[in-house]
Amino acid sequence: MPAPVIREPTLSPASRALVNQAQIQLQSKNYPVAASSIERALRIEPSNPLLWIELGKVRQAEGNYVQAENMARKAASMSVNAPRANSAAWTLIAESLRARGKNVEAREAQLRAQGVR
């Protein structure tokens, strides 16, 4: 059986502009506006795992670790054949679990992020 084709996702120019805008808003702790910018990008590219990771980062910054984990799990499921995106998703899952005191699960997620599992 042939090896799966690795296809790392990229952002369209419009999505990239919205993510850049969201990152500035995130630095200003303007979480609702940052989330809105990422959600606009998701309307353009709903199946782009990079955008789900970015939205997860916003939720994490808000302290909403459950939603951050959910966004990251969605990204992980979309990026099975994209090692870098998949690793970023699992890293976010690990951080979200660790923030909730779920250290054993966080360690397992971190191992997946590192490609050990």
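The model is predicted, so local features need pLDDT of at least 70, side-chain atom pairs count only at pLDDT 80 or more, and totals for chains, interfaces and linings use all residues. Residues are numbered from 1 along each chain as its sequence is written, and side-chain values use heavy atoms, leaving out hydrogens and water.

Let's start with helix α1, residues 13-27 (helices are DSSP runs of H or I with at least four residues, numbered from the N terminus). Its 15 residues reach 21 Å from first C-alpha to last, close to the 21 Å expected at 1.5 Å a residue (1.5 Å times one less than the number of residues). S15, L18, V19, A22 and Q25 are its buried residues. Seen down the axis of α1, they fall within an arc of 120°, so they line one face of the helix (the arc is that of the directions from the axis to the C-beta atoms). The face turned away carries the exposed residues P13, I24 and Q27 (buried is under 20% relative accessible area, exposed over 50%, with a 1.4 Å probe and protein chains only). The buried residues of α1 pack against α2 (31-44) and α3 (49-62), with contact meaning heavy atoms within 4.5 Å.

Just after α5, G101 takes a positive phi of about 80°.

Finally, look at W52: K74 lies over its face, 4.8 Å from the ring centre (NZ of Lys or CZ of Arg within 6 Å of the centre and within 35 degrees of the ring normal).

Notes. Helices (H or I, at least four residues) and strands (E, at least two) are DSSP runs, numbered from the N terminus.
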